[in-house]
Number of protein chains: 2
Amino acid sequence: MAASKLFNFSAGPATLPARVLERASEAVRELRGSAHAPHAEGIGLSLLEISHRSADFTAILERATALCHEVLEIPSTHAVVFLQGGASQQFAMVPMNLARTDKAAAFIDTGVWSKKAIRESKLQQETLVAASSGDTGYDRIPAVPELEAAKTSYLHIHGTQWRELPQVADVPVVADLSSDIGCHPMDFSRLALGYAGAQKNLGPSGVTLVFIEREFLASLEAREQVPYFFRYATHVEKQSVYNTPNTFGVLVLQLVLEWLRDEGGLEAAGRRNREKAALLYDHLDASSLFVPHAQPGHRSLMNVRWSADGAPEAEREAITQRLLAEAKAAGLVNLKGHRSVGGFRASIYNAFPLEGVRALVEFLREFEARA
Amino acid sequence: MAASKLFNFSAGPATLPARVLERASEAVRELRGSAHAPHAEGIGLSLLEISHRSADFTAILERATALCHEVLEIPSTHAVVFLQGGASQQFAMVPMNLARTDKAAAFIDTGVWSKKAIRESKLQQETLVAASSGDTGYDRIPAVPELEAAKTSYLHIHGTQWRELPQVADVPVVADLSSDIGCHPMDFSRLALGYAGAQKNLGPSGVTLVFIEREFLASLEAREQVPYFFRYATHVEKQSVYNTPNTFGVLVLQLVLEWLRDEGGLEAAGRRNREKAALLYDHLDASSLFVPHAQPGHRSLMNVRWSADGAPEAEREAITQRLLAEAKAAGLVNLKGHRSVGGFRASIYNAFPLEGVRALVEFLREFEARA
């Protein structure tokens, strides 16, 4: 498999387990192990060629849904659906479904993704930025202020990793979990609605996991002008087959969750991810050339950002470019920071191996010694 | 490959060319032949693991777009984008983008898909059914009546195959091409907007081809309450990477269009599809047991519907079930009609082989002789 040759720090679509890629590749040739083939025989058709209403695909969809509850620990009080369009589509769908004329939506602004969601929200409803870490370059998670339930329809959070999901009395919480889901145990019972584009920790691009508390869904104000297709109720009622889902994406998600379960579930994933992240943050904290972006206590286990700000300002850009080129030559690829902020970013999602982090730390040590 | 064992008449996701499945399967293990690997070497990573903004994926996206113009003959006056959510999402997005307060949208009702789109349209705007073939069970394409341009924002068509796309003076035409695109040459310059879920003739589920005339897009009334994510202008401006597209779906679509080009393009596809369809319709027309659904002159080359209505009414259901079971045992799978109408349906898209149609006709002949 390809994974042995390169360490891929891509922020998404991101590294997937070699075993998952192997089985997904097989399923594109011929699907096996379905309802029709309990002995894991091939069904004679590619996964890409079978109806989303076939018994074979229904078995995949049901297994993927069950694994979301079992492995990701989404409570049984919440319905799970697989939609399309990623988190960006959810930024529009959340206000379409949750906006109220008598209340405002509150956001915690933690950076680029919050801004994109706030922009969509403002088109549709009164929108309040309840707290922001923008004044310090989004280097932390701001404290959640008191919110008045009578005036707040919901609280929407994004971006930089929350160690603990917030709880606000009588205000439903909505979370963009794209970067975090599956990386360690989280108490999803605190959320009215959670969503995640799969392309970071769960699978390929083109499939979005959405879960919504059934009681909360039932309590939503009917908004008759919202297209049926963009109502959560439509997809919950039809259990993800109101229309044709991304069948390949759902299969890969199922395979990723089976892998995660076999590797010990969220507890074990959390241990592995804390070990990987600590290795890298400890090195960055000790370096005189590199400066980690997020403050201790506010650091993501999944996306590690840093800069060469220890160097004189005039040299930083040249050092950054040289590091990226040398890292690539050494098989450490996709370390460039997001185009909006620059610097470096190492995305080290669940499937990213510890030896890749070790190789990066060793490379950074040697680079700094030579610089 | 699996395709040699079974003939799969699924209406979608549907049969894909064996060569495409082979290459798609390879790309899930390791992508090759990209901008970084001009000699078709592997890049060391799975397609599923690379960023949608990487040079490798950008090359795929650009090639897929170019092939839509070259092979599908979408005019250069029209912008091509790859969205998600299938035709069902377009049923909602079309009115979001095209509705006008001073005009009505006109539909030609040709069956289940029209109904789904009309239902979405009615939520958003004045909606007029200009013609319907519902009174004869949707067995034909109704004539398009005169439409007053001053009162009609656009004409929306669906479903059963149109031999020629309609033209109405000064009224933009919007077409759901999910079943037809790529099956024979069509004059897309007649359309202001066309769309197709890929899972029938173009690739896997989870990617939607949309093309829109640039002048028409520029002329649309600004509707400020429409979410940015659901505006065509957003995706045209960002050339399909406003958000993360279904990267695997776009690759498979590219491979399908390369296959279609290598097989002689739309002219040759039209010849092959006419031959396949004629073989089946001729047999059904001559049969005393089977009754084809659509009237001559209104028949789809892609989806052939028929029933056992030549049998006494009391026996039809038993005959239908027996035929489906025996066909499956003979390797002719997924012949069951749409759950809303019953009977039989053979979807014989581009990648469905002539020998599969021959095998079906032979099976039907023997079945009828025994019946």
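**Aromatic rings within and between the chains**

Tutor: In this predicted model, 99% of the interface residues of chain B are also interface residues in chain A, so the copies meet through the same surface. Chain B can be superposed on chain A with an RMSD of 0.0 Å by a turn of 180° and a shift of 0.0 Å along the axis. That is the relation of a two-fold axis. In chain B, Ser25(B) has the C-alpha nearest this axis, 2.3 Å from it.

Aromatic residues of both chains come together in one cluster, formed by Phe229(A), Phe230(A), Tyr242(A), Phe229(B), Phe230(B) and Tyr242(B). The charged end of Lys116(A) sits over the ring of Tyr242(B), 4.3 Å from its centre, and that of Arg119(B) sits over the ring of Tyr228(A), 3.5 Å from its centre.

Over all chains, the count comes to 20 aromatic pairs. In one of them, the ring centres of Phe188(A) and Phe211(A) are 5.1 Å apart and the planes are at 50°, so the pair is tilted. This pair links distant parts of the chain, 23 residues apart: Phe188(A) lies in the loop between strand 6 (173-176) and strand 7 (193-197) of chain A, and Phe211(A) in strand 8 of chain A. Phe188(A) is buried, with a relative accessible area of 3%, and Phe211(A) is buried at 0%.

The rings of Phe363(A) and Phe367(A) have centres 6.1 Å apart and planes at 35°, so this pair is tilted. Phe363(A) and Phe367(A) are four residues apart in helix 10 (residues 354-370) of chain A, and are therefore separated by about one helical turn. Phe363(A) is buried, with a relative accessible area of 9%, as is Phe367(A), with 0%.

Definitions and conventions:
Residues are numbered from 1 along each chain as its sequence is written. Chains are lettered from A and ligands numbered from 1 in the order in which they are written. This is a predicted model: local features need pLDDT of at least 70, side-chain atom pairs count only at pLDDT 80 or more; totals for chains, interfaces and linings use all residues. Side-chain values use heavy atoms; hydrogens and water are left out. Copies are superposed by least squares on the C-alpha atoms of residues with pLDDT of at least 70 in both. Contact means heavy atoms within 4.5 Å. Rings of Phe, Tyr and Trp (its six-membered ring) pair if their centres lie within 6.5 Å; planes under 30 degrees apart count as stacked, over 60 as edge-to-face and the rest as tilted. Helices (H or I, at least four residues) and strands (E, at least two) are DSSP runs, numbered from the N terminus. Buried means under 20% relative accessible area, exposed over 50%, partly exposed in between (1.4 Å probe, protein chains only). A charge sits over a ring if NZ of Lys or CZ of Arg is within 6 Å of the ring centre and within 35 degrees of the ring normal.
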